[in-house]
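Hi everyone, thanks for coming.

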Amino acid sequence: NTSYWQKIHFILLFSRQGKLRLQKWYTTLPDKEKKKIIREIVQIILSRNQKTSSFVDWKDLKLVYKRYASLYFCCAIEDQDNELLTLEVVHRYVELLDRYFGNVCELDIIFNFEKAYFILDEFIIGGEVQETSKRSAVKAIEDSDMLQETVEEYMNKPAF
């Protein structure tokens, strides 16, 4: 059962200052190990020249990253997986965030991280891309927002 999409092991979003803004793991690891990996990867990527390629061989995996404004988006994939396809996945996630937030910035991720995770979960499940349609993924988020507003309105109405 081989899928067209490769398996993403984890996704990290971090700032140019090395602050982690979002992390999603599709491989089970102890927290201590995750923290060590995050420190190592952030340091590797931030120390690289901006003119170098967006691909890094790391342990038995490959890191694929791209910087958008002040944020780095980094995915770890299998060594034999397609880096360009992974860059497309990263770009699509940024497009989804842009579409929802209207030109996403680091503050959007900081203050609405649950929405950023929700968008990611609509798009990637278990390390594989599920929904390639921007419209469908964003509609799911908007539907969720609408439901949340309805519930809040209902909860705030006085009971007679």
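Start with helix α1, residues 31–46: it has 16 residues and reaches 22 Å from its first C-alpha to its last, close to the 22 Å expected at 1.5 Å a residue. That expected span is 1.5 Å times one less than the number of residues. Helices here are DSSP runs of H or I with at least four residues, strands are runs of E with at least two, and both are numbered from the N terminus.

Quick word on the source: this is a predicted model, where local features need pLDDT of at least 70 and side-chain atom pairs count only at pLDDT 80 or more, while totals for chains, interfaces and linings use all residues. Residues are numbered from 1 along each chain as its sequence is written, and side-chain values use heavy atoms, with hydrogens and water left out.

So which residues of α1 are buried? They are K34, I37, I38, I41, V42 and I45. Buried means under 20% relative accessible area, exposed over 50%, partly exposed in between, using a 1.4 Å probe and protein chains only. Looking down the axis of α1, the buried residues fall within an arc of 125 degrees, so they line one face of the helix. The arc is taken from the directions from the helix axis to the C-beta atoms. On the other side of α1, K32, K35, R39 and Q43 are exposed.

Now the cysteines. The whole structure has zero disulfides, meaning pairs of cysteine sulfur atoms within 2.5 Å. For C74, the nearest cysteine sulfur, that of C75, is 6.7 Å away.

Last, S15 sits in strand β1 and is buried at 0% relative accessibility.
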